[in-house]
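Here's a friendly walk through a protein model for anyone meeting it for the first time. Have a look at the sequence and the 3D view, then read on.

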Amino acid sequence: MTELRTRDAVPLPGVPQEENDPVSTRTASPDGYYQRIGEHRYKPTAHAGGAWRTDEQHFSPLAGLVAHAIDRHLAAGPATDLTVARISYDILGRIALDECEITVETLRPGRTVELLEAVVVIGDRPVVRARAWLLAAQDTAAVAGTPDERLAPPETFPRWAMGDVWDGGFIASLDVRRTASSRDGRATAWVTSGLDLVVGERSGPLASFVALVDTANGITVRERPTEWMYPNMDLTIHFHRRPEGRWTGLDTAVSFGPSGHGLTSTVLHDAEGPVGRAEQILTVRPQPGPR
């Protein structure tokens, strides 16, 4: 897999030169998940195809795209040392594999605490609403620490063919390493990609990291997705440290309750250690037809 180009780069708010080219002249599946077609509009490529339905977008790259839009919003404003400490996404409905518009506004401005909201619209219908809390940077190195143990490095994990379990262009685009000792509902894994988040644009380390977090719900399955459905309705990520590097580490546990609800809980890592946690609430239901 090619070396990741979206990681380890300074966020650039500029729009690529090809923005004004007719969409019809672009390739169907370029080396990225989205193409910019306007200041706030994006067209997904086949690489963004979903795992439950290939005519839908996988939520993972879209979550990263929202974080990329937040980075651009911040870059367009006054210089600040605020950084994202929490970003939560509510999935409002079907996310078609179609053009989308993302708007970002500041709900609560501040010098030490700020709240942003981003809305993703497809076909005049909001499909995702996200809110991000930003906190001012402080020097707390003297008291820094976490009880979460560091994962072994990615090169020590065997490659895992995630496409043997899940369909879709997004899953096919990933380099996944997973522990051989994984069991139903419990696994640790590393995920990376060789594709741009937005074709021709650099994404910051936060957006590139977030673009892989939603894979946690598929890293370890309690039931075969051909027999049961358990899509997540949200994604909430808390960070105690800003992630860096080209790998997203997932230490994941999946729980199903007795009444159609589930929860995917993940300790998030980069190559230097734990960076935060992610939670996803699931709606659990049998696939239509005989099982």
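## Rings that pair up

Let's begin with the aromatic rings: there are seven aromatic pairs here, where rings of Phe, Tyr and Trp (its six-membered ring) pair if their centres lie within 6.5 Å, and planes under 30 degrees apart count as stacked, over 60 as edge-to-face and the rest as tilted. One of them joins tyrosine 33 and phenylalanine 170, a tilted pair at 5.4 Å centre to centre with 55° between the planes. It links distant parts of the chain, with tyrosine 33 in strand β1 (residues 32-36) and phenylalanine 170 in helix α2 (residues 169-172), 137 residues apart. Helices (H or I, at least four residues) and strands (E, at least two) are DSSP runs, numbered from the N terminus. Tyrosine 33 is buried, at 4% relative accessible area, and phenylalanine 170 is buried too, at 0%; buried means under 20% relative accessible area, exposed over 50%, and partly exposed in between (1.4 Å probe, protein chains only).

Tryptophan 52 and tyrosine 230 make an edge-to-face pair, 5.2 Å centre to centre and with 90° between the planes. Tryptophan 52 is in the loop between β2 (41-44) and α1 (59-75), while tyrosine 230 is in the loop between β10 (228-229) and β11 (234-239), so this pair ties together parts 178 residues apart in sequence. Tryptophan 52 is partly exposed, with a relative accessible area of 28%, whereas tyrosine 230 is buried at 1%. Ring pairs also link Trp52, Trp166, Tyr230 and Phe256 into a cluster.

## About the model

Keep in mind that this is a predicted model, where local features need pLDDT of at least 70, side-chain atom pairs count only at pLDDT 80 or more, and totals for chains, interfaces and linings use all residues. Residues are numbered from 1 along each chain as its sequence is written, and side-chain values use heavy atoms, with hydrogens and water left out.

## The whole chain

How many helices and strands does the protein chain have? It has four helices and 15 strands. Of its 291 residues, 52% count as buried. Contact means heavy atoms within 4.5 Å, and among contacts with a separation of 6 or more, 68% are between residues 24 or more positions apart.

## Tyrosine 34

Tyrosine 34 lies in strand β1 and counts as buried, at 0% relative accessibility. Leaving aside neighbours within four places in sequence, tyrosine 34 is in contact with several residues, including Tyr42, Pro44, Gln57, Leu65 and Val198. Tyrosine 34 and cysteine 100 are 66 residues apart in sequence, and their C-alpha atoms are 9.9 Å apart in space.

## A charge over a ring

Which ring does the charged end of arginine 178 sit over? That would be the ring of tryptophan 160, with the charged end 4.0 Å from the ring centre. For this to count, NZ of Lys or CZ of Arg must be within 6 Å of the ring centre and within 35 degrees of the ring normal.

Most residues other than glycine have a negative phi. Aspartate 124 is not a glycine, yet has a positive phi of about 70°. Aspartate 124 is found in the loop between β5 (113-122) and β6 (125-136), and counts as exposed at 78% relative accessibility.
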